[in-house]
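Please look at the sequence and the structure shown below, and keep both at hand while reading.

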Amino acid sequence: MDYKIGWLKFLLIIIVIKWSKKYFAMKPILFRNKILSLQENMMNFALMLTSNREAAQDLLQETTLKVLDSEAKYIQDLNFKAWVMTIMRNIFVNNYRKVVRSQMIIDQTEDLYLLNLSHNSGFDTPEGLCTLKEINTAINALDPVLRVPFSMFLAGYKYSEISVHLQVSMGTVKSRIFSARKELQNTLRDMK
């Protein structure tokens, strides 16, 4: 008996869901008008995501098409603007992942220990090594007050860790690193 009641409830729920989708479905004209009214907001959001007008227009167009294709999936009482913006954000993230994947270089040589350095990296030429020596010389020539925090920062320490190690405030550490950078820029500019 309970078995039949369970199925009966299940059937009743299915009928109510199908009926409510037909009854409460948004009319196509109203749906399209809502999309058109959001175009300016969508463009602003696309510009925020892409920082490029042409890419933003492409994203806007792709989102509009996707929203129109997904009209049947929209539920009446859902926040329409949030639904559309979520679709736009998801399209942007998917496109970004495609670009990252397409730019990934996979080394398929038999000698897997070889590094694929670009030819303009500067480290594989004598001029590049000379420049690296000049940079190290310039760093070592810095006043120890500037050199120590700068070297620790280059080694990967955080400002707070450098601050604790040197027993100075974090602002002082940031200031010394900034001053070291400026002094190095001036020194290396003079060398060229």
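In this predicted model, the second largest pocket is lined by Leu-49, Thr-50, Asn-52, Ala-55, Asp-58, Leu-59, Glu-62, Phe-92, Asn-95 and Tyr-96. The elements that each give two or more residues to this lining are helix H3 (39-50), helix H4 (53-69) and H5. Of these, H4 gives the most to the lining of the second largest pocket, namely four residues. Sorted by class, the lining of the pocket holds five nonpolar, three polar and two charged residues, and the space in the second largest pocket comes to about 150 Å³.

**Aromatic rings**

A pair of aromatic rings is described by the distance of the centres and the angle of the planes. The structure holds four aromatic pairs. One of them joins Tyr-74 and Trp-83, whose rings are 5.0 Å apart from centre to centre, with 50° between the planes, and this pair is tilted. Another pair is formed by Phe-80 and Trp-83, and because the planes of their rings stand at 40°, with the centres 6.0 Å apart, this pair is tilted too. The angle lies between the limits, since planes under 30 degrees apart count as stacked and planes over 60 as edge-to-face.

How are Phe-80 and Trp-83 placed along helix H5? They are three residues apart in helix H5 (residues 80-103), so about one helical turn separates them. Tyr-74, Phe-80 and Trp-83 together form one aromatic cluster. Are Tyr-74 and Trp-83 buried or exposed? Both of these residues are buried, and Phe-80 is buried as well.

Leaving aside residues up to four places away in sequence, Ile-87 touches Thr-63, Lys-66 and Val-67. Ile-87 and Ser-70 are 17 residues apart in sequence, while the distance in space between them, C-alpha to C-alpha, is 9.8 Å.

**Two loop residues with positive phi**

Which residues other than glycine have a positive phi? Ser-51 is one of them, with phi near 60°, and Gln-167, which is not a glycine either, has a positive phi of about 60°. Ser-51 lies in the loop between H3 and H4, whereas Gln-167 lies in the loop between helix H8 (159-166) and helix H9 (170-191). Ser-51 has a relative accessible area of 65% and so is exposed, and Gln-167, with a relative accessible area of 74%, is likewise exposed.

| Residue | Relative accessible area | State |
|---|---|---|
| Ser-51 | 65% | exposed |
| Gln-167 | 74% | exposed |

**The chain as a whole**

The secondary structure of the chain comes to nine helices and zero strands, and along the sequence the pattern reads α-α-α-α-α-α-α-α-α. Of the 192 residues in the chain, 20% are buried. The accessible surface of the chain is about 15200 Å², and 59% of this surface belongs to carbon and sulfur atoms. Where contacts in the chain between residues at least 6 apart in sequence are taken together, 56% of them join residues that are at least 24 apart.

Notes
Residues are numbered from 1 along each chain as its sequence is written. This is a predicted model: local features need pLDDT of at least 70, side-chain atom pairs count only at pLDDT 80 or more; totals for chains, interfaces and linings use all residues. Side-chain values use heavy atoms; hydrogens and water are left out. Rings of Phe, Tyr and Trp (its six-membered ring) pair if their centres lie within 6.5 Å; planes under 30 degrees apart count as stacked, over 60 as edge-to-face and the rest as tilted. Buried means under 20% relative accessible area, exposed over 50%, partly exposed in between (1.4 Å probe, protein chains only). On a 1 Å grid over the protein atoms alone, a cavity is a set of points where a 1.4 Å probe fits but cannot get out, and a pocket is an open set with protein on both sides within 12 Å along at least five of seven lines; lining residues have an atom within 4 Å of a point. Grid points are joined across faces, edges and corners, and a volume is the space filled by probe spheres set on the points. Ala, Val, Leu, Ile, Met, Phe, Trp, Tyr, Cys and Pro count as nonpolar, Asp, Glu, Lys and Arg as charged, and the others, Gly among them, as polar. Contact means heavy atoms within 4.5 Å. Accessible areas come from the Shrake-Rupley method with a 1.4 Å probe; for residues, only the protein chains shown count as cover.
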